[in-house]
Amino acid sequence: MKNVSVEKVLNAIEAKTTYSFLYSKQLIDVERKVTIQVKNRDFNSVLTELFNETNVIFTITGKQIVLSKKNDEKSEEQHSLIVNGKVTDDKGDPLIGVSVKVKGTTSVSITDVNGKFSVPALSVKSPILVFTYIGYDTQEVSFKGQTLRVALTEGTKSLDEVVVIGFGSVGKRELTSAVSHINSSDLLQSGNTNALMSIQGKVSGLSITNTGGSDPNSGPSIQLRGVSSRDAGSSPLIVIDGVSGGNIENLNSNDIASIDVLKDGAASAIYGTQGSAGVIVVTTKKGSSGAMATTYNGYTSVDFVNHEAKTLSAADFIKNNRGTNYGGNTDWLNAVTRDYAFTQSHAISVSGGSGNSNYRATVDYRKATGLDLRSDREEYGGRISLNHAPSNGLYKMSLNVAPRYIRKNNANYDVFTQALTLNPTYSIKDANNPNMYTTITGSDGQFNPVELLKLEKSGTEGKLLDWDGTFKLNITKDLSSQVTLSQSTQDYFDFWFRPSTMTSEIQSGYTGEASRAYNKWDHKSLEWLTNYSLNVNQHSMKAMVGYSYQYFSNEGMSADNKNFTSDAPTYNNLGDGLYQQVEGRNGMGSYKEDSKLIALFGRISYSYDDKYLATASLRHEGSTKFGTNNKWGNFPAVSVGWRVSKESFMKDLTWINDLKLRADYGVTGNQNFGNYLSLSTYGGYGYYLFNGKYYQVWGPANNTNTNLKWEKGKNMNVGLDFSVLNNKIEGSVNYYNRTQQDLLGWYNAPVPPNPQVQTYANVGSMRNTGFELDLNVKVINKKDFSYQIGLVGATNDNKFLSFSNNIFQGQNYVDMAGLPAPGSPGPAQRLQEGERIGNFYMWKFAGVDQNGSMLVYNKDNKVIQANAATNDDKRIVGNGLPKFTASMNHTFKYRKWDLGLYLRGVFGYDIFNVQEFYYGLQSTPAGSNAFASAYAKNAAIKGDKVLCDYFLEKGDYVKLDVVTLGYTVKSNSKYFSSVRIYATGKNLATITGFSGIDPQAYPVNGLTPGITGGKSYYPSTAQVLLGAQISF
Amino acid sequence: MKKNKFTSTLLGCLLGGLIFNSCTNLEETTYNKIVSSNFYQTKDDVYRSFLRTFEHGYWTVQGTQFFLQENPADQLMTPNRQGDWYDGGTYFRLHYHTWTPTDGYCSDAWNNLFVGVSLANNSLEDIRALDVSKFNMTIAEQKMLVAELRTMRAWYYLRLFDLYRNIPIVETTKGASQSPLQATPQETFNFIEKELKEAVTDLGKKGDANIVTSRWTQAGAMALLSRLYLNSKVYTGADKFTDCAAICQDIIDGKYGSYGIASRWDAPYDWNNDLCEETIFAFPGSFGRTHWQYDGGMYWWSLPYNVNKYFEFTDFGNANPKYTLQPGHDVAGNLYNFTSNLGQPFVKFQKYADDVRLTVYKNLGNNTREGMFLYGYLICSDGSKVQTTKGYDLYIRDQVGIFNNLAPGQIPSDLTSTMNTADQNSGVYFVKYPFYKTTDTHKIESDFSVIRLAEVYYSLAECKFRSGDKAGAEKLLNTVRRRYYPTGSSSLYPEDGSKLTESELLDEWGREFLGEGRRRTDLIRFGKFNTGIWWDKSADADNHTEIFPIGQTVLGVSSQLKQNPGY
């Protein structure tokens, strides 16, 4: 290198090696031009030559090289004073590279590897030294003549965190909207299939529930700040590494670096028509420079049933004369359930890189069985991340590729319903013919659940592939432009088969039934972003413009047949069946649909002195799905922030470390609904004979709606971020008010003149409001012992504002949550204008008469016989939408031990005890089993079940949800560098007044909270997990 | 410089892309649907559109439209069978005439039938506007298609008129967002009359090429008109029995094609009933395609559980006892004696004990059957008895109560017999359309007969009876009834007018058309619907339930509609 600055040389070394330099430009003259040979030389000798005959010394500590000035005698004489000292953290460990500045001068130094420094204080009389260090609070100390010993306290770590927002990232300090940031270290450890279950309850306002949690193939329902739509999707948009619409199923939780939840309108409006339900941004781990590092993560877990439903034993069944005694004695729940569900999971990651390039690759394997006899899931996948930038920094390329293969055997939730209802005196196998299962039929579609799980095959094979590639060009230091191409694709090949030997086949006369279905989803996108930033004095400005093109398609085909020659080929020889050879049958189908989303967007952020912050954004977006009158929409947002703590008048309030007020407003959209609903289309229906020939008839496929458009969300949020008492307590408070208007859904249309009873249209509005609190308290923070409490709470108030617009008028309610046979009692909830969603709308219980028949109140509040009541006597008797959700996390660290206790609660709502309703009365259909409560708690009721609030209970619960105990060993051995072994217990205890199964099995998300759609359920479990994390 | 050039090229490409239409084009591409403006390409497409409302019409014979005509009347019932079919009391309210606009079926029938109207309107608008020469179709054929669609629409209107009386008349679908106000009953009457009279000139006639029973013909349209006239007094206050009689006589005389009364009693319901001389209009059923009368909304749910074993018909899984006959006897076995002489449908059959239909239904193999009812024990070919799903042998009685395993003749301690106290033994089942064995070649092949010539005979008989010609009425009825009784049976009317009374005539309507979805209309015409009493049903306080209320969900979206009086 000829005639280059010292800085260039240092940069070159940084680029070629894994080392980085730490120095102050005020102390070290890096502008000095040198000529030096660097190629094929040890950097140590380069440095020695570089600083030969200068007053600069260098110290190498780990991967850092600290440059500092020699304390030579001469200079000491020139100055009146040299201040010496040592800087440590609050645990006493030395801090390297702390900047030490004498206030009001240019005199600066940096601490060395031992935390020591010496700085010339010139002729300042009583010098004040300012210590600054990233991640720690800045401290000012007056020098009083002796060697200084300064302990810096760790700062509001979270304030230095980088929060990933839509199409960019921002320091938490500058953030002006409600975004929750979760680091990988904060993820809950449990053996869940879905990575997002690891933040269940962690984010205020984000409700993640899985009513079939122990089914290995059950995914959670995710909902942010209340239900956001009537019919269009109400799950938040998932963005993985900047690519929207990512597939969370293809994400191994070991690869998650952080999760950011964009909660308010201003943050999510940049996603336009996909932003209404909020956005969850997942950032995966990337490689880092340095030698290859290898990590293994693995666990095994077992799940046991808890909250088991109590049905009558065979003896009690006979005693209570419930039905015929077939002589057997079967505990059906036990018979369909495995002793425990077992999961094992293994993942190995390698990462490394040089200064220019880095890589990370993970492979994982997971196998889980469910609680029922059939379900399981086996999957393996990988994720490769490559990044490259040349030393001149002109461009950057990155590539992520994640393939996955899954094979599932499906659970059947009805087997548990059967287990509750079946006569316990049936035997599983036929006593007369032990090779056969007992034939079980009934008015309510009863079947032998053990036989079904053992003989029926039902499942799928999935292939997932997500990839994205980005090329970023740094046009100038402040201007860059990047293009990202991505694809997320999923193929599922389903199989289903029933052999001819099944009793249900013998009953129906089929000799085997089978089907296959192939379904594909694909999402391709191109995104082009240009970023510009400008910093002038205290003004800082960032601007971004972008273009986005997204193409969604799904297609598939299916075929089925019955009556095969043999059971042996199972579902692999559909053509062999005779069933479809009957004239008029075909047993096949195929389909394809697609849609496009195109958007232009931009954002400008401005900050003055890190004190006054403002951001404005706009997205102009169109979708093929919208009607011709409404193809394009605009989604603006503004947000402002004021860091009150930076104001001079706050200076004396030293207990406040940081205080920021925020307010924002944004307009979001939702286009998550079916294709072709605005068009006037004809579709094929059934067949009709005409002129001796069968024609498939064709007619209007939907009511044309050229006005169809996005659902519009108007989101307002005000918030306060704070950090007080030496950053011991930090947190934020938010209030939001979100009105969703032009709600998408199927609305009853006037017939005539319409050809269909319902039109897909934008009608009505709904409002959600709530307060959210996030609090983190460092109770104790000692070197050997620390204790932190995290507290999260959210309220939700919902109101369905209106059910009509100019075109659609009059109907101000919809009945929901229809309950099934036997007795088909009809809808249990009503969605009504001016009311909170989740209202239970049924009769009000008024006791029983002398025959034990249920009585209810009529509309005039007179007590009447239930079977004389009409729909007009029904009323609102409760509500299934929780008013308040909260969680509390306690983290203890003692030397090598760590302990986490996680409590989670849901409050202020009612649950309709569906099982008690169907099985808890003596009038449960004859021949069916009933709960023990029918002859105990509910013994007074002899008559039929009546849809009334007798079965409504408080759903409130608090769970000891996750307990994790870990032990970490660090070692310098050649075998490993650190090992953490941990044990986790999940769903260990529940405090609730609810008398049924785990209240968690009842949904709280969606439009019908507090009630399950049918009788089906999956048992709730407690889990014990043992895991290890090993770094090599 | 090099760097700048690269940059500008890249930017240029991307910007250029934006200008190209493809980057901002939001046209939709349909794959398995067709944009309506592109639909008509061939003559077959015209037929496909024409047939849409026919296919829907077949569907509307069952489900709500069926049970609204049967459950509020005195023949069929849907009681609470030990926890099954209680359904929140919805069928109780039908039986007791206590329904309200919030009962779903009040909206469902309106919507289902008006969808048929809209689909007919839509095809009418399309087909009238087509330049048929482009489709190799004659103007005459186009006119015939239009006339058939108008008849189809009149059939929907006639049923809506009968159920709701105050309905809007709508003849367009495209571009309309709301229906007009309700027409008066007289206006609706006139509309239906005009439509049928105008259609008949362009309709085909039995015997013409391609004219089969699944198409609307002149006889079909005139039979619909006879229904309108027969019930005219109820609909508008003015009786039209004379006009009705004239039309019926024309049809019987063969003016609209040659029809006859089947000599075999089950022929009108059999697998080849499309060729039966009695069939005027029928929807085409087939085992492999549609067969709505055989589905859950109708006769498959008029059967006991596990009857599939007795039928040796396993293709549909299990049947369901939603509809059975109301009882003729109380729990103790005593014959009911209702003062209005209504109800007790099985007893009414038993009144003529030599009726061939009284035999227990049985598949004889080779696409044949005997009998029309299921009662007593059902003995399968292997000698076993059909079981209930509650673990007891099925013993079907003409009684309603909780009998469970009680042997024939034994009386349970609880003598209550109400809609709330039925078991699976309660109530005789009827089987009009045969459920042949799975191995039979013509199982589930019957068409669903909407209009049989027998109806024309019965209508004419009623007109004659009302005009005082009882002998003429008996003679007409006997023409049909002859097939049920042995030659010379005393069960046949003497044809001198000495036997037929109003009550007997109503009973005879009930015997001939049991479970064919018209009993409510007949009871109303005879003035018995609200005043009559039958099993577990007392007389109504007033007659507002003679028509149904417009359902709440319908009113909700069409607030200009006025609710029917009394609701």
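Tutor: Across the interface of chain B and chain A of this predicted model, 25 residue pairs are in polar contact, both residues at pLDDT 80 or more.

Student: What makes a pair a polar contact?

Tutor: A pair of N or O atoms must lie within 3.5 Å; within protein, one must be able to donate a hydrogen and the other to accept it, and residues adjacent in sequence count only if both atoms are side-chain atoms. On the side of chain B that touches chain A, there are 35 nonpolar, 40 polar (Gly among them) and 18 charged (Asp, Glu, Lys and Arg) residues.

Student: Why is the meeting of Arg289(B) and Glu583(A) called a salt bridge?

Tutor: The term requires a side-chain nitrogen of Lys or Arg within 4 Å of a carboxyl oxygen of Asp or Glu. For Arg289(B) and Glu583(A) the N to O value is 3.5 Å, so the pair qualifies. The count between the chains is two salt bridges.

Student: How do you know that strand β35 of chain A and β1(B) pair?

Tutor: Pairing requires that DSSP find at least two bridges between two strands (E runs of at least two residues). Strand β35 (residues 681-690) of chain A and β1(B) have two, in the antiparallel sense, and therefore pair. In β1(B), Val35(B) is the bridge partner of Thr681(A).

Student: Which conventions apply to numbering and atoms?

Tutor: Residues are numbered from 1 along each chain as its sequence is written, and chains are lettered from A in the order in which they are written. Local features need pLDDT of at least 70, and side-chain values use heavy atoms, without hydrogens and water.

How values were computed
Helices (H or I, at least four residues) and strands (E, at least two) are DSSP runs, numbered from the N terminus.
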